[in-house]
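Here's a quick briefing to read alongside the model. Have the sequence and the 3D view open as you go.

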Amino acid sequence: MGRPILNRLGRFLMALLCTAGVLSGGFLLLCAGGVLDPAVLVPREEAAAVSAQPAQPVPAENPEPFRTLRLSPEELDQASVLAQGYDGVVVTMKEADGSLGYVSALALAADAGASWGDLDRNEALRALNRQPGLYTVAQVSCLRDSLVVQQDPSLALRRESGSPWRDAGGLTWLDPANTQVQDYLIGLCRELAQLGFDEVVLTDCCYPTQGDLTCLAGTGDRAGTLETFCRRLQGALADYPVRLSVVGEGDSLAPNSPSGQTAALLASFPGRVWAEEENAAALAVFSPVVMPE
């Protein structure tokens, strides 16, 4: 009696195998014919993982250049006429030697003799910034500064000997790791925002890369120090209707750049990236604005 049962079981299993073969073959035929998509068999988790991959940014094709004109102090009252055909005007508000293009209320600026001498200067700048349709940019030489260092040498980048380090132009540089330096530069940028500038662009927002660098004392984590300073500055200007931008260095996209700038730091600025003409190609990924002469 056991043999008939085994025979019936064998025939049943054989029927199942045949049915499975027919279904598999049919599925393959439907896929080959384009009726079914094999992707429907991918588990939801795997599909989600594939779709979660970040999309790569696509740079803009041939963006329109932002053309600016540099104004001298004597040209402020002619700005609207001179700026015709340009997208904005650039006015230097802090020179590389530390002198300011306006009257600052900061004690360190007064002690160092950095402020502009004419008390009417600030009102002239406010009038400039109030002109309808005129886009104004304040240029600030950030860390390159001789007047403040002369007033307080402890704020400078130093030589191994302990004296302030000087670049090829004979100018000294402020130490971005010093909180007093950070406070001073933040204060200057806030004053420029209060004067009504549309944009503040920082030059020399980096460690020096030219001159006798062999005698420059250890500067630690340059990238980390610059990032800390820039984050503080960005936060301090967050409540002002001003765009904060930076001039990129040519080595910013290289690993362990001597300037301390990184691609991430440049991308973190809420404004835009500017560049000197000789560095524009190296920073092409940011479509930088070329600094006017």
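In helix H7, the buried residues are Val181, Gln182, Tyr184, Leu185, Ile186, Gly187, Leu188, Cys189, Glu191, Leu192, Ala193 and Leu195. That's 12 of the 17 residues of H7, so this helix is largely enclosed by the rest of the structure. Keep in mind that this is a predicted model.

**H7, end to end**
- H7 runs over residues 179–195 and reaches 24 Å from its first C-alpha to its last, close to the 24 Å expected at 1.5 Å a residue.
- After H7 comes glycine 196, which has a positive phi, near 105°.

- Helix H5 (residues 121–130) has Arg121, Asn122, Leu125, Leu128 and Asn129 as its buried residues.
- These cover an arc of only 115° around the axis, so they sit on the same side of H5.
- As background, an α-helix has 3.6 residues a turn, so residues three or four places apart point the same way.
- The buried residues of H5 pack against H7, and also against strands S1 (68–71), S2 (88–94) and S3 (136–141) and helix H3 (79–82).

- The protein's average pLDDT is 85, and 78% of the residues score at least 70.
- Residues 15–32 have pLDDT below 50, and this stretch has six contacts in the model beyond near neighbours in sequence.
- Residues 38–58 also have pLDDT below 50, with three contacts beyond near neighbours in sequence.

Key
Residues numbered from 1 in each chain as written. Predicted model: local features only at pLDDT ≥ 70, side-chain atom pairs only at ≥ 80, totals over all residues. Heavy atoms only, no water. Helix = DSSP H or I, 4+ residues; strand = E, 2+ residues; numbered from the N terminus. Expected span 1.5 Å × (residues − 1). Buried < 20%, exposed > 50% of the residue type's maximum accessible area, 1.4 Å probe, protein only. Arc of directions from axis to C-beta. Contact = heavy atoms within 4.5 Å. pLDDT = per-residue confidence, 0-100.
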